[in-house]
Amino acid sequence: MTIFGFNSFRKYNNIAGWIVFAIAALVYLLTIEPTASFWDCGEFIASGYKLEVGHPPGAPFFMLMVRFFTMFAPNTELIPVFANALSALSSAFTILFLFWSITHLARKMVCNDIREFTLTQLILIVSAGAVGALAYTFSDTFWFSAVEGEVYATSSLFTALVFWAILKWEDVADEPYSNRWLILIAFLMGISIGVHLLNLLAIPAIVLVYYFKKYTYSFRGVALALAISGVMLLAVMYGVIHGVVVFASKFELLFVNGFGLPLMSGVLFYSALIIALIILGLRYTYRRGKVVLNTILLGLTVILIGYSSYAVIVVRSSANPPMDQNSPDNMFSLLYYLNREQYGDRPLLYGPSFNAQPIDKKDGSVTYAPKNGRYEVVRKGSSYIYDSKFEMPFPRMYSSNDQQHINAYKAWTNFKGKPVTVYDQNRQAQTLYVPTFGENLKFFVRYQLGYMYLRYFMWNFAGRQNDIQGHGDAMKGNWISGIPLIDDSRLGPQDKMPAQLKNNKANNKYYLLPLLLGLAGLVVHYYRRKHEFWVVAALFVLTGIAIVVYLNQTPYQPRERDYAYAGSFYAFSIWIGLGVLAVYELVRKLKDHPSTAIATASLCTLLVPGLMASENWDDHDRSNCYIPADFGYNMLVGCKPNSILFTYGDNDTFPLWYNQEVEGVRTDVRVANLSYLRGEWYVDQMTRKAYESEPFPLMMNYNHYYSGKRDVVLVYDRIKEPISLVQAVNFMLSDEPEAELQSPFDASERINYIPSSKLYHPISKEQIEKTQTVSADKLSRVVDTMRWALNKRMIMKDGQVILDLLASNNWNRPIYFGTTVNSDTYNGLDAYFQLEGLMYRVAPVQSLKQWGVGNVNTSELYDNIMQKYRFRSISNPSVYIDENKARIVSNYRNIFARLANALVDEGKPDSAITVLNRCMELIPHQSVPFNYFAVSLIEGYYRAGDMAKAVEYSGIIFNQSVEHLNYIFIHANQQQQQWLYNDLQINMAILQELYKLAEKYEKGEHLRQVGTEFERFISMLQ
């Protein structure tokens, strides 16, 4: 029998680890996105490349890492590749440390004497590491994060690194200077604060390793260790991250307002004081031989050193870069930034239900801002006090701002509630139904735990139905196994699903094999090494279920949230690796030999990571995909010089910022996000020049819009006649008492208002012609006066800026709204929208609502989408287009259809057919399946006279809808049909529209076919 010493084991362990690393790195580098992805990626790449300030709470160390990587890019095109490569390599290193963590745990399970190994033991240990690490390599969630420029890959690296480091400490804990590993862990955690806070959730697992190594096991001891770990976690989150800045702000206020010293003097003194106290403390504990205190103090010191990366945020914000979210250039705005206050808060342990009735308000903290060399109070915070009948412990059903949320609460819990009588201001009794605590827990278990965690867990280790975001129905985004007996009983027959869903690239089946192998590893780990099992279990629970409790998510999230639980899936992958040992325990009864160990390892590798790689490759390969970057480019390139473009969300803003900041595209265009314009910091930035873009021409100044001033302006029809826009804006900005009303939110406050909802704005046609706001052939359609009505009773800061800009601009700069902007922000101006691409231009031409919102400017729109716009990769069948990208691409189809139909209106059917054919060439239905909005394309073909293509494409979308309706009516049970009611309505509406078009234009076989099916489904509804 061949015996290997520890040095030999370490050599083979290292070699195997680096081989696994190389496999992961190669996979990720081959499948990374070549530009910025949607959501936060464009912002992260841009902020890292130019060291700007991204969204709260910031990621300064990640930003520095992106900057370091992008410095090596030889040209502009490769900047995003190098930024994304950071995630790829961070993920590969995560896999490396996962491999070494698994082999560390496996070694203790396999060997009685961990200094000597047989060949069989060596094979089992290394193969356990390889199977577990490669399973995580090819897992759905981790692979997704590994190929884009986001923080989650780097955050996972820090989690893997500190977990591996505490296992290394365990090996040398009895040696001198072993505490240096603990100091390293503290330093890594400090640095990780500048990436993402998820890493801190490893603290309980680290404390358990320390406890099991240093103390004799007892239930009381474990409970105490977990309690201490909880205190440590809270100490870092609230004592370091929050507390350091809170005390800095108090020193700053004392020194500036109290002592009359310059701004930042208090921060400098506070920083010097902390450094002095740390030095004195380290010196004292070292000289007195207080090892434990010295270690704790040194650990705190290196955490602070790591956390100091946030100084980059303050320094860069002070330089006023173009991207400077929340402007955290002082301690008060930094605290607001770190606390993510712009996103609001949510109850955690005790709070109101969704229909809670406020009965009073209480004062909260005050907000300071620098002004004239000192800090002044700009806002007094407040919060509601609720009737205790509507409050409960552990509130899960709390969101009252969205009726859709309330409906979902009731659907997920079969809501009945308990009756509560309340009285209105007139003492009229009203009965409301408040969630019972049981219904509250039911929502937690069914939705938050089951749907928003367990579903994601099963995506990674059982299989995934498709990539379409679901909200509880049986056809979208569920987990599947590939085993009909399991899947069909829950979701209906999967083999009968519509082809569009059945052939979705994200339809991945693992047949429960990764799950079963992980459960086998969990069981064998528990019985062989209980202490290490509880360490991994702590990591699994704290990075999974604990996050579920903390996030307290509402229904209808804007995107899938599986990335938040990557740490939990990491922990389970450890058990997948250890599952190899469990399998060998079964097969060794046949033959205990190295060849059996090799066969076991090969089989596990083939059936778990091999299967996962095969299933997941096509929907995780983002190479050659340029859709997000092209979307941002197209929005910018279609704008006129020095224009202002209003956007609204992440996906219609961050790709534009990426194009401007990284690729230098159209930096003369000022992109203004309307969501951010509700903050005074963003309005302030719009009044500064950025690149070639001049400041906003506004009447308002800082005294008009600072935080707490004019956060909301009322619209009150004191004057029944229309008033001029200039009058309305001047009145709105007036500080005279007659320009204010009693606030409906707080009787003790007064609030500005606009005295009429009806506005007009006189137009100088000479100015319109001079600025080329309207082309020469449309000057005759320019109105003498724009007239419109404000469509809301409260105008937030973004609306105030829009009105001020329109009044002040005098048409000198083109003003656009993105087509993706929420219509609530139009402020009635859609009556003067002109569609010119992915954006509407505001122009003094009355809208005819031509095939949608606004008029269609056919000449500008044709030039943009046929000549200027980029459509790289959409038609490439090998490029994976997920639901989010497909939804964005649908915007292109919509503007192609509107252009074609508008050209037909102008008597240009040939041009319309050219446009429609170009659309079908660029966006084939094989790449992006048709949806409801494709009906207007078919109508365009009908109206332009191309009957053959109209019928052909009508037949395609007709078949899609028939497949969906057949599945809903025939294969879905009654409960599933209730959840699918919206899909049913959409597909019935499609058939109805196709029937109307065929009846009007085709009048032949296609009409009879559509009519027959439509009538059949109508009869099923009755």
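A residue counts as buried under 20% relative accessible area, as exposed over 50%, and as partly exposed in between, for a 1.4 Å probe and protein chains only. This tour covers a predicted model, in which local features need pLDDT of at least 70 and side-chain atom pairs count only at pLDDT 80 or more, while totals for chains, interfaces and linings use all residues. Residues are numbered from 1 along each chain as its sequence is written, and side-chain values use heavy atoms, with hydrogens and water left out.

**Aromatic pairs**

Begin by selecting Y932, which is partly exposed, with a relative accessible area of 35%.

Rings of Phe, Tyr and Trp (its six-membered ring) pair if their centres lie within 6.5 Å; planes under 30 degrees apart are stacked, over 60 edge-to-face, and the rest tilted. By this rule there are 87 aromatic pairs. Select F871 and F896 next: the ring centres lie 5.9 Å apart and the planes meet at 40°, so this pair is tilted. It links distant parts of the chain, since F871 sits in the loop between helix 31 (858–868) and helix 32 (883–905), whereas F896 belongs to helix 32, 25 residues apart. Helices (H or I, at least four residues) and strands (E, at least two) are DSSP runs numbered from the N terminus. Both F871 and F896 are buried. Return now to Y932 and F933, an edge-to-face pair with 6.1 Å centre to centre and 80° between the planes.

Select residues 839–842, which form strand 22. M839 and R841 on one side, and Y840 and V842 on the other, are all buried. Two strands pair if DSSP finds at least two bridges between them. Strand 20 (residues 815–818) runs antiparallel to strand 22 and is joined to it by three bridges; there, Y816 has R841 as its bridge partner. Strand 21 (residues 833–835) also pairs with strand 22 in the antiparallel sense, over three bridges, with F833 bridged to V842. In the hairpin of strand 21 and strand 22, three residues lie between the strands, and G837 takes a positive phi near 160°.

**Charges over rings**

A charge sits over a ring if NZ of Lys or CZ of Arg is within 6 Å of the ring centre and within 35 degrees of the ring normal. Select K11 with Y12: K11 lies over the ring face, 5.1 Å from the ring centre. Finish at R346, which lies over the face of Y550, at 5.1 Å from the ring centre.
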